Amino acid sequence: MAEIVSARVIITCPGRNFVTLRIETSDGVVGLGDATLNGRELAVASYLTDHVIPCLIGRDAHRIEDIWQYLYRGAYWRRGPVTMSSIGAVDMALWDIKGKVAGLPVYQLLGGASRDGCMVYGHANGATIEETIEAAIAHVEQGYKAVRLQAGVPGLKATYGVAKPGQRYEPADASLPTESLWSTERYMRSVVPLFEKAREVLGWDVHLLHDVHHRLTPIEAGRLGKDLEPFRPFWLEDATPAENQAAFRIIRQHTTVPLAVGEIFNTVWDAKQLIEEQLIDYVRATIVHAGGLTHVRRIAALADLYQIRTGCHGATDLSPVTMAAALHFGLSVPNFGIQELMPHTELTDAVFPHAYSYKHGMMHPGDKPGLGVEIDEKLAAKYEYKRAYLPVARLEDGTMFNW
Ligand code: EZ4
Ligand code: CO
């Protein structure tokens with residue numbers, strides 16, 4: 001028995017907001033879990049502080065599965081991003097504790113390494129095709145084996161996924177949502193030339209990825225996929241919103257381009273039909289937002305039956321604790337595909353010192369017991385929470401559009 005004697009939420013903003021759950025046992029072992037939900041951070045903090053933490057005190061930290069079921073089945077209101085991020089944070093912290101007590105890195109508890117490291121993909125962004133290709137070349141020079149390409153859309157002032165000139169890319173950029181314009185026609189015309197140029201310059205030995213950010217209808221996505229086929233993308237991500245999972249049937253009828261979806265999924269139910277009908281190739285569920293290691297492993301196990309691989313979300317709005325958890329998961333899971341990597345700022349890395357590392361396009365979680373991430377609470381306390389939102393998108397005639 002490792003009795004949970006205290007738990008609290010730490011909120012910090014070293015350039016962007018992060019919410020962290022810290023659980024401590026009677027033996028003084030501390031576990032950390034990421035609870036960051038971009039743009040809705042305080043809702044998760046309250047869910048944990050007001051509703052979850054009181055239920056944790058006195059429980060045995062080793063009973064990870066039981067606590068997961070208690071928080072999932074025991075709440076009348078199942079699922080949803082706030083609930084599942086809270087459960088995810090508890091789950092991560094408990095795996096961290098179990099690893100520290102065992103003296104083993106978490107991937108060893110998950111069955112051990114299935115590979116030498118986790119292939120990651122980086123983000124190459126630019127206002128123009130040329131700038132994006134330059135960014136991609138820089139990634140290849142740093143050893144990346146896979147690169148996501150996003151370029152500004154001619155005729156649109158700002159494009160989601162592309163940094164403002166001279167600034168580091170951080171999507172949650174304002175205390176009230178900024179508004180951006182969207183035109184499917186302009187966008188569709190811009191992607192093929194980007195991939196054409198990329199293959200011409202970068203050749204065929206690097207994986208190229210692209211994120212649509214849920215902005216197309218299924219039939220439009222089918223057409224884009226078909227048009228991109230000659231350039232052999234590794235995947236087309238979030239081609240259409242996935243609330244209606246059957247929508248992916250239409251995309252599949254028209255293209256053989258591999259499909260990835262799931263960074264906003266909370267549970268296996270969001271992916272059940274997509275997986276069972278083999279409508280996707282990569283499932284992108286995030287360790288924090290989909291109920292922690294315990295639940296994302298379950299999603300991966302179902303996906304494995306259908307030859308679907310993992311491709312976990314790894315944006316900068318997920319804290320280093322989630323990145324570490326994703327790497328322990330990715331190193332051990334049989335059907336690993338790829339891991340997204342958007343490196344955190346130096347300041348974020350200083351607040352969250354960690355054991356994971358990058359080398360030649362691959363990442364490894366390190367061999368420290370537990371998840372291998374700490375929090376420098378003194379430094380964290382210097383950076384107060386600052387409300388920040390992702391932008392919203394409207395069509396050129398003012399119609400509110402998909403985020
Ligand atoms: O827009 O994490 O693939 N990565 C992405 C990210 C998401 C943000 C939203 O919080 O799409 O940049
Ligand atoms: Co994405």
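This is a predicted model: local features need pLDDT of at least 70, side-chain atom pairs count only at pLDDT 80 or more; totals for chains, interfaces and linings use all residues.

Colleague: Why is Asp211 called buried?

Modeller: Buried means under 20% relative accessible area. Asp211 has 2% relative accessibility, so it counts as buried.

Colleague: And Glu237: buried or exposed?

Modeller: Glu237 is at 0% relative accessibility, so it counts as buried.

Colleague: Which residues are closest to ligand 1?

Modeller: Asn38, Tyr160, Glu237, Glu263 and Asp317 are the closest. In total, 14 residues surround ligand 1. By class, this shell has four nonpolar, three polar and seven charged residues.

Colleague: What makes the approach of Glu263 to ligand 1 a polar contact?

Modeller: A polar contact is a pair of N or O atoms within 3.5 Å. A polar side-chain atom of Glu263 lies 2.8 Å from an oxygen atom of ligand 1. That pair therefore passes the cut-off. For Arg284, a polar side-chain atom is 3.1 Å from an oxygen atom of ligand 1. For His313, the distance from a polar side-chain atom to an oxygen atom of the ligand is 3.0 Å.

Colleague: How much of ligand 1 does the protein bury?

Modeller: The protein buries 95% of the 330 Å² that ligand 1 exposes when taken alone.

Colleague: Let us turn to the strands. Why is strand S4 (residues 118-126) described as largely enclosed?

Modeller: Nine of its nine residues are buried, so S4 is largely enclosed by the rest of the structure. Both faces are covered. On one side, Cys118, Val120, Gly122, Ala124 and Gly126 are buried. On the other, Met119, Tyr121, His123 and Asn125 are buried too.

Colleague: How do you know that S4 pairs with strand S5 (residues 146-151)?

Modeller: Count the bridges. Two strands pair if there are at least two bridges between them. Six bridges join S4 to S5, and the two strands run parallel. One bridge partner is Val147 in S5, for Gly122.

Colleague: What about S4 and strand S14 (residues 362-364)?

Modeller: They have two bridges and pair in the antiparallel sense. Met362 in S14 is the bridge partner of Met119. S4 also pairs with strand S12 (residues 336-340), in the parallel sense, over two bridges. There, Tyr121 has Glu340 as its bridge partner.

Colleague: Why is S5 also called largely enclosed?

Modeller: Six of its six residues are buried, so S5 is largely enclosed by the rest of the structure. Ala146, Arg148 and Gln150 cover one side, and Val147, Leu149 and Ala151 the other; all are buried.

Colleague: Why are S6 and S16 said to stand at the edges of their sheet?

Modeller: The open sheet has three strands in the order S6-S15-S16, with mixed pairing. Strand S6 (179-182) and strand S16 (400-401) each have a single partner strand, so one side of each is left without a neighbour in the sheet. S6 and strand S15 (residues 392-395) pair in the parallel sense over four bridges. In that pairing, Glu179 stands opposite Val392.

Colleague: How do strand S1 (residues 4-12) and strand S2 (residues 18-25) run?

Modeller: They run antiparallel, joined by eight bridges. Ile10 stands opposite Thr20 in S2. The hairpin has five residues between the strands, and Gly15 takes a positive phi near 100°.

How values were computed: Residues are numbered from 1 along each chain as its sequence is written. Chains are lettered from A and ligands numbered from 1 in the order in which they are written. Side-chain values use heavy atoms; hydrogens and water are left out. Buried means under 20% relative accessible area, exposed over 50%, partly exposed in between (1.4 Å probe, protein chains only). A residue is near a molecule or strand if one of its heavy atoms lies within 4 Å of it. A polar contact is a pair of N or O atoms within 3.5 Å; within protein, one must be able to donate a hydrogen and the other to accept it, and residues adjacent in sequence count only if both atoms are side-chain atoms. Accessible areas come from the Shrake-Rupley method with a 1.4 Å probe; for residues, only the protein chains shown count as cover. Ala, Val, Leu, Ile, Met, Phe, Trp, Tyr, Cys and Pro count as nonpolar, Asp, Glu, Lys and Arg as charged, and the others, Gly among them, as polar.
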